[in-house]
Amino acid sequence: MLSRVKVSFARVTADDREAVLSILRGAPELSHVDINATFDRWLREGYFIKAVDSDNRIVGVLHARQLEDAVWMEGIGVSSDIRRKGVGRQLAAYVMELTGGKVFRVMASERNVPSNALALSLGFKEVDRVYFSDGARVTAPELARRLGLDEAKDVSLEGPGYVDSWTWRPIEYYRGRVFSNGQVKVLDTDPPFFVAGDADGYMRFSRQRAAYSEAFIVYELRRA
Ligand SMILES: CC(C)(COP(=O)(O)OP(=O)(O)OC[C@H]1O[C@@H](n2cnc3c(N)ncnc32)[C@H](O)[C@@H]1OP(=O)(O)O)[C@@H](O)C(=O)NCCC(=O)NCCS
């Protein structure tokens, strides 16, 4: 049995940028975003929490924010030299208490074994699976123009949820435009989200797996 590490928690400050980014670099969930801009946004909103060891060294970090119906948790990271010693679990438990939330969600790349294992060990259950593909970066309206899709009104949207700016939400919260030709349905998200159909070559999220796409698993935990 590996020894557990005792840590305390505090809010991340602007001075923590380098220490925090060095922990988060390499997480597959953050490889497609501007990590510096993300750090700045996380400083401004939600709960940006660090775990600090007895030498006052930052050994873990996690950001959480309240969405419409759930607390969204993102950017968990623990220093590579002290992984598997309970820091990630303690950090998640602390932040969940701090938010006072009842429903929590998190998204992990299928290939991120520790991140999936941590979610499952905390009692999270899979609620959705979406597929990210890299490619040409175009907005949803531009993609719609290229694919010959029109803006559609009162169109039904399949699936439990969608992703916008790397955040998953239940589909009933979608308020933006939908572009469709009947078969293909694309949401005006960043990157565009294909509720139905797909189009190779573009950076996008889709409901269906494509060649070279990366699966992201969405987990949820409900507390009484
Ligand atoms: C994911 C991460 C934060 C886990 O932090 P950690 O401090 O090592 O996790 P813990 O020690 O608290 O582990 C808690 C439980 O999660 C599971 N777990 C964590 N890492 C695991 C691994 N590598 N393999 C299998 N299970 C694992 C285990 O069930 C573990 O409990 P146990 O050790 O009693 O068996 C860490 O691996 C990390 O920083 N990864 C890189 C950054 C990243 O990918 N972040 C995710 C998305 S932004």
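**Loops, a helix pair and a cis peptide bond**

Student: Where does Pro-191 lie?

Tutor: Pro-191 is in the loop that runs between β11 (185-187) and β12 (193-196). Strands here are DSSP runs of E with at least two residues, and helices are runs of H or I with at least four, numbered from the N terminus. This is a predicted model, in which local features need pLDDT of at least 70 and side-chain atom pairs pLDDT 80 or more, while totals for chains, interfaces and linings use all residues. Residues are numbered from 1 along each chain as its sequence is written, and side-chain values use heavy atoms, without hydrogens and water.

Student: Which peptide bond is cis?

Tutor: The bond from Asp-190 to Pro-191, with omega near -10°.

Student: Why is Trp-166 called buried?

Tutor: Its relative accessible area is 13%, and buried means under 20%, exposed over 50%, partly exposed in between (1.4 Å probe, protein chains only). Trp-166 is therefore buried. The residue sits in the loop between β8 and β9 (167-170), and its phi is positive, about 65°, although it is not a glycine.

Student: What makes Arg-84 exposed?

Tutor: Arg-84 has a relative accessible area of 71%, so it counts as exposed. Arg-84 also has a positive phi of about 65° without being a glycine. Its place is the loop between β4 (71-78) and α3 (87-99).

Student: Why does Asp-154 count as exposed?

Tutor: The relative accessibility of Asp-154 is 84%, so the residue is exposed. Asp-154 belongs to the loop between β7 (150-152) and β8 (161-164). Its C-alpha atom is 9.1 Å from that of Val-178, 24 residues apart along the chain.

Student: At what angle do the axes of α1 and α2 cross?

Tutor: Helix α1 (residues 17-24) and helix α2 (residues 35-44) have axes that come within 11 Å and cross at roughly 120°. That makes α1 oblique to α2. Angles under 35 degrees are roughly parallel, over 145 roughly antiparallel, 65 to 115 roughly perpendicular, and the rest oblique.

Student: Which residues in α1 meet α2?

Tutor: Arg-17, Val-20, Leu-21 and Leu-24 in α1 meet Ile-35, Asn-36, Phe-39, Asp-40 and Trp-42 in α2, where contact means heavy atoms within 4.5 Å. By class, this contact has six nonpolar, one polar and two charged residues. Ala, Val, Leu, Ile, Met, Phe, Trp, Tyr, Cys and Pro count as nonpolar, Asp, Glu, Lys and Arg as charged, and the others, Gly among them, as polar.

Note on methods
Axes are lines fitted to C-alpha atoms, for helices over the stretch in contact, and angles run from 0 to 180 degrees between N-to-C directions.
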